[in-house]
Amino acid sequence: MEKAKKELSLYIHIPFCVKKCSYCDFLSAPADEAAKEEYVRALIREIGAYCDSDEAGRPIRSVFIGGGTPSVLSAHQLLRIMNEIRRTFSLHNNTEISIEVNPGTVTEELGDVLCKQIANRISIGLQSANDDELARIGRIHTYDDFLKTYDSLRKSGCHNINIDLMSALPGQSVESWLDSLHKVISLGPEHISAYSLILEEGTPLYALYHDVGSEGRTLGYNAETYVNAKQNRSSSAFERDWRLPDEEEDRKMYELTGLILAENGYERYEISNYARKGCECRHNITYWQRGDYLGFGLGASSCVNDIRWKNTESLHNYINSLHNHASLRKEICRLSPQEQMEETMFLGLRMMRGVRLDDFAKKFDKRAEDVYHDVIERYVNLDLLRIRDGYLSLTAKGIDVSNTIFADFLLDRPQET
């Protein structure tokens with residue numbers, strides 16, 4: 001009897017946006033219509049190059065079209081991309097197909113095409129229901145724009161919507177965060193992703209809160225807001241409007257988020273993700289459980305059969321690439337058994353269920369309890385990890401210091417001689 005083929009997930013990167021947000025360090029930027037069309041053609045060429053590959057015959061678990069802002073492409077361009085995916089790969093009726101959109105970029109025509117011909121799951125980048133907070137981080141939309149987008153997608157028949165929210169924003173209070181959270185809950189989305197803002201070096205928002213001199217003014221994102229805030233840095237208005245929530249406020253936002261979402265029927269299944277039963281994002285679970293995935297587009301990452309690679313980040317090179325998809329690949333490496341074990345632990349522990357110990361032993365022919373005996377024992381004794389029903393998982397206290405715990409699952413590297 002032929003062994004069933006292992007499922008595969010696909011990621012499609014659209015590196016364009018209307019305007020770069022001041023906190024964003026993703027591979028994305030505004031572009032004109034000609035550049036977008038050239039990119040779409042190259043993307044379709046890259047996808048089609050897999051037509052006769054081993055991967056083309058594997059069942060597709062999920063497709064995720066992310067960015068950037070995929071909804072800056074036209075309905076026709078997105079349909080061409082999706083048609084090429086369907087032509088090349090083995091999608092089935094149960095394949096989860098997600099696409100990211102931003103409020104203010106979804107016309108009625110595009111919404112209809114997205115819901116009826118492209119995706120069965122849509123993720124909307126709201127971030128905040130407070131217009132002042134949105135303006136401070138360089139978002140192009142208002143809360144009213146978001147409501148119009150949400151209503152339009154529902155009317156077009158989308159029954160699986162995620163809403164992205166971001167806490168610890170400049171000028172945000174615990175009260176304004178809870179207001180955003182309650183407004184989103186009242187709409188009844190199937191999934192909510194709640195992240196805390198991270199100031200990434202090289203972004204205007206990072207420059208605003210760090211003494212980097214005039215460097216920030218050359219970054220080119222949200223420049224007017226950045227310069228005005230920088231010039232008034234010592235003023236009381238800046239302290240009022242731009243101060244970041246302190247550690248205590250950030251923790252309170254985080255704790256209340258979990259409690260309130262649980263009370264309203266959203267189960268926390270991953271550190272930053274909450275869903276109604278059966279609406280967990282399968283694509284992201286593929287990453288956390290180390291499933292195989294192929295990435296298409298500028299800078300997209302892939303990991304198949306424990307071989308990892310990344311596409312070129314040069315738009316010129318990507319658009320002008322040869323028909324052979326291998327010409328795009330950079331940083332190709334085969335993960336060692338040690339690296340595979342490390343990833344199994346620090347990715348799997350992001351899930352509330354945790355790492356299934358029998359699966360670890362089956363894959364590596366070693367028990368996690370032996371490989372990581374000291375680490376597991378220490379954190380279990382500190383009530384930061386627990387073993388229950390065959391799973392190793394973080395406790396509520398452990399989630400608070402998860403990054404420290406994850407780092408301790410990195411094994412010592414052999415010394416080079």
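# Close-up views of a predicted protein model

**Overview: the protein as a whole.** The protein exposes about 20,200 Å², of which carbon and sulfur atoms supply 47%, where accessible areas come from the Shrake-Rupley method with a 1.4 Å probe and, for residues, only the protein chains shown count as cover. This is a predicted model, in which local features need pLDDT of at least 70 and side-chain atom pairs count only at pLDDT 80 or more, while totals for chains, interfaces and linings use all residues. Residues are numbered from 1 along each chain as its sequence is written, and side-chain values use heavy atoms, with hydrogens and water left out. The secondary structure comes to 18 helices and 15 strands, these being DSSP runs numbered from the N terminus (helices: H or I, at least four residues; strands: E, at least two). Of the 417 residues in the protein, 51% are buried; buried means under 20% relative accessible area, exposed means over 50%, and partly exposed lies in between (1.4 Å probe, protein chains only). Among contacts between residues at least 6 apart in sequence, 69% join residues at least 24 apart, a contact being heavy atoms within 4.5 Å.

View 1: Side chains of opposite charge can pair when their charged atoms come close. A search of the whole structure finds 22 salt bridges, each defined as a side-chain nitrogen of Lys or Arg within 4 Å of a carboxyl oxygen of Asp or Glu. In one of them, the side chains of E270 and R350 meet at 2.5 Å, N to O. Because E270 lies in strand β7 (residues 267–270) and R350 in the loop between α13 (337–348) and β13 (355–356), the pair ties together parts that are 80 residues apart in sequence. E270 is buried, with a relative accessible area of 0%, whereas R350 is partly exposed at 23%.

**View 2: M351, in the loop between α13 and β13.** M351 lies in this loop and is buried, with a relative accessible area of 9%. Although M351 and E270 are 81 residues apart in sequence, their C-alpha atoms are 4.3 Å apart in space. Leaving aside neighbours within four places in sequence, M351 is in contact with Y269, E270, I285, W288 and Q289.

View 3: The side chains of E343 and R308 meet in a salt bridge at 2.6 Å, N to O. This pair links distant parts of the chain, with E343 in helix α13 and R308 in strand β11 (residues 307–311), 35 residues apart. E343 is buried, with a relative accessible area of 10%, and R308 counts as partly exposed at 24% relative accessibility. The side chains of E313 and K310 also meet in a salt bridge, at 2.6 Å, N to O; E313 counts as partly exposed at 46%, and K310 is partly exposed at 23%. Salt bridges that share partners join R290, D306, R308, E343 and K363 into one network.

View 4: In helix α14 (residues 357–364), L357, F360 and F364 are buried. Seen down the axis of α14, its buried residues fall within an arc of 55°, so they line one face of the helix; the arc is that of the directions from the helix axis to the C-beta atoms. What covers these buried residues includes α13, β13, α15 (368–371), β14 (385–388) and β15 (391–394). On the other side of α14, D358 and K362 are exposed, and just after the helix, D365 takes a positive phi of about 60°.

**View 5: helices α1 and α2 packed together.** Two packed helices are described by the angle between their axes and the distance between the axes. Helix α1 (residues 33–48) and helix α2 (residues 75–88) pack at an angle of about 5°, with their axes 9 Å apart; axes are lines fitted to C-alpha atoms, for helices over the stretch in contact, and angles run from 0 to 180 degrees between N-to-C directions. The two helices are therefore roughly parallel to each other, a description that applies to angles under 35 degrees. K36, E37, V40, R41, L43, I44, I47 and G48 in α1 meet Q77, R80, I81, E84, I85, R87 and T88 in α2.

**View 6: S180 in helix α6.** S180 is found in helix α6 (residues 174–187) and is buried, with a relative accessible area of 1%. Not counting residues up to four places away in sequence, S180 touches S128, A129, N130 and L165.

Notes. Parallel < 35°, antiparallel > 145°, perpendicular 65-115°, else oblique.
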